Amino acid sequence: MVNQLLIHLIIILFPIFIQQFFMVRIARSNIIYQIINGCLFGLSAVLCMAFPVSVIDGFQSDLRCIPLIIAFLYGSGKYLPGLLALTVGVLYRLYVNGDAMYLAVFSFLLSVGPAIFFAKSFLSYHKVKRVVISLILAANSSIVSFVFLIVYLKSRPLDLHTESHSLWIMTILTIATLIGMGISSMLKEHLIETAYLKLELERSEKLKIVSQIAASVAHEVRNPLTVVKGFLQLLQESVDDKKKDYLKIALAELERAEYIITDYLNLAKPQADQLELVEVPTFLGGTLDIMNSYGLIQNVQIHLNCNQTDLYVRTDKPRLSQVILNLIKNGVEAIPETGEVTVNAYYRNEEIYIEIIDTGKGMSKEDLSQIGTAFFTTKDTGTGLGILVTIRIIEALHGKISFESELGKGTKVTLRFPAAESQQSF
């Protein structure tokens, strides 16, 4: 039996290793990835059923539920991999036929079915919670097997020794199921973390290149621009009205160029200069006062929701203000006619959350995946540096930033900072 369980463990881990070594370059949202993923885990379940463990004469069990549950939970929020794997497993069981075939399919659905309810939101949970859910679902599949075994034993006249022996084997299978699920979920978590670190590394390399360009070019370009701007301002006093209009356009474009150069300089040197204790509700209230007039001009209402008290962060106040203003401005500009921008602030898990939510046009999944890429922007006249600078500042302030968006519904930007205690508490 031990040899069979070891074979089952190898079979269960096989599709995970295939993903790690041969499928890392395929996007998880890709339909091809989902189909291959579902087929691999379905094949894993089939192989487990092909080498079952005999619990008692006429009753066999295996670890088929582990790959099926994994296919649902780690299917990148898609139902297709899990449904495909489950279909492959059920079809194989129907093909094998045998006694109690329909009862076996029913136990299949009872064991794997609960995983369907977690498929959509599973990856939004914390890592530890995901592993715990995986183990609970594995325990549920073992409980189902135990129940069916007890029903089977009660339906046949067996001696006490045979019954106790079969229950002992099922206990070993339960332990093997929990171990197999634990190893599988931890390996999948490792794959997720590796993919995330790879994306972060690629993004950091791109930012480093842009920063190096910014540091070497920005200062050299700004000086001649300042000279040109000064002479154009002097010329305004000695030309006719028509030429003054031309000079106004030229000066406006120079100011825009200076604004872009300032973004480059901020990108090249985003570190926090001076950290101080900031009371979040008061800080956000003052920041929103600055933006209210801009919102009114754009027919956009700006609201602040912050019912919790004693929300403090230790941060560089001017730079954090630059981040919040930039994000609110983006939210206002994303609203085509009229709408609202809501700013929420609250405490959770030793962190301060600040959310900027707009009711604008939103972004597609493709656009959302490009956020933070150098020179990417959804604006007609944008440079893509604003969000890039914002991300760099957030990182310098030891915070985290995430984006959620849906076309036609708006965008939510979430900032997270380590919570600080107020000075009165010492």
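# Briefing: cores, ring pairs and salt bridges

Of the 48 residues in the largest nonpolar core, Phe59 and Leu173 touch the most other members. The model described here is predicted. A search of the whole structure finds four aromatic pairs, and a search for salt bridges finds eight. The points below take the cores, the rings and the charged side chains in turn.

**Nonpolar cores**

- What does Phe59 contact once its neighbours within four places in sequence are left aside? Phe59 is then in contact with Val53, Ser54, Ser145, Phe148, Leu149, Tyr152 and Met170.

**A residue in helix H2**

- Leu40 is found in helix H2. Its relative accessibility is 14%, so Leu40 counts as buried.
- Leu40 and Pro81 are 41 residues apart in sequence, while their C-alpha atoms are 9.2 Å apart in space.

**Aromatic pairs**

- A pair of aromatic rings is described by two quantities, the distance of the centres and the angle of the planes.
- Tyr74 and Phe122 form an edge-to-face pair, with 5.1 Å from centre to centre and 80° between the planes.
- Which parts of the chain does the pair of Tyr74 and Phe122 tie together? Tyr74 lies in the loop between helix H3 (65-73) and helix H4 (80-96), and Phe122 lies in the loop between helix H5 (101-116) and helix H6 (127-154), so the pair ties together parts that are 48 residues apart in sequence.
- Both Tyr74 and Phe122 are buried.
- The ring centres of Phe106 and Phe148 are 6.4 Å apart. Their planes stand at 65°, and pairs with planes over 60 degrees apart count as edge-to-face, so this pair is edge-to-face.
- Phe106 lies in helix H5 and Phe148 in helix H6, so their pair ties together parts that are 42 residues apart in sequence.
- Is Phe106 buried, partly exposed or exposed? Phe106 counts as partly exposed because its relative accessibility is 44%.
- Phe148 has a relative accessibility of 17%, so Phe148 counts as buried. Phe148 is also one of the contacts of Phe59.

**An aromatic cluster, and charges over rings**

- Tyr74 and Phe122 belong to one aromatic cluster together with Tyr125.
- The ring of Tyr125 has the charged end of Lys129 sitting over it, 4.2 Å from the ring centre.
- The charged end of Arg348 sits over the ring of Tyr353, at 5.3 Å from its centre.

**Salt bridges around Lys412**

- Side chains of opposite charge can pair when their charged atoms come close.
- Lys412 forms a salt bridge with Glu355, and the closest N and O atoms are 3.9 Å apart.
- This pair links distant parts of the chain: Lys412 is in strand E9 (residues 410-420) and Glu355 is in strand E7 (residues 351-358), 57 residues apart.
- Lys412 counts as partly exposed because its relative accessibility is 24%. Glu355, at 8% relative accessibility, therefore counts as buried.
- The side chains of Lys412 and Glu404 also meet in a salt bridge, at 3.9 Å from N to O. Glu404 has a relative accessibility of 44%, so Glu404 counts as partly exposed.
- Which residues are linked in a network of salt bridges? Glu355, Glu404 and Lys412 are linked in this way.

- Strand E8 (residues 400-406) and strand E9 pair in the antiparallel sense, over seven bridges.
- Lys412 in E9 is the bridge partner of Glu404. The side chains of these two residues also meet in the salt bridge given above.
- How many residues lie between E8 and E9 in their hairpin? There are three residues between the strands, and Gly408 in the turn has a positive phi of about 85°.
- Lys409 and Glu406 meet through their side chains in a salt bridge, at 3.6 Å from N to O.
- Lys409 counts as exposed because its relative accessibility is 59%. Glu406 has a relative accessible area of 43% and is therefore partly exposed.

Key:
Residues are numbered from 1 along each chain as its sequence is written. This is a predicted model: local features need pLDDT of at least 70, side-chain atom pairs count only at pLDDT 80 or more; totals for chains, interfaces and linings use all residues. Side-chain values use heavy atoms; hydrogens and water are left out. Rings of Phe, Tyr and Trp (its six-membered ring) pair if their centres lie within 6.5 Å; planes under 30 degrees apart count as stacked, over 60 as edge-to-face and the rest as tilted. Helices (H or I, at least four residues) and strands (E, at least two) are DSSP runs, numbered from the N terminus. Buried means under 20% relative accessible area, exposed over 50%, partly exposed in between (1.4 Å probe, protein chains only). A charge sits over a ring if NZ of Lys or CZ of Arg is within 6 Å of the ring centre and within 35 degrees of the ring normal. A salt bridge is a side-chain nitrogen of Lys or Arg within 4 Å of a carboxyl oxygen of Asp or Glu. A nonpolar core is a set of buried Ala, Val, Leu, Ile, Met, Phe, Trp, Tyr and Cys residues joined through side-chain atoms within 4.5 Å. Contact means heavy atoms within 4.5 Å. Two strands pair if DSSP finds at least two bridges between them.
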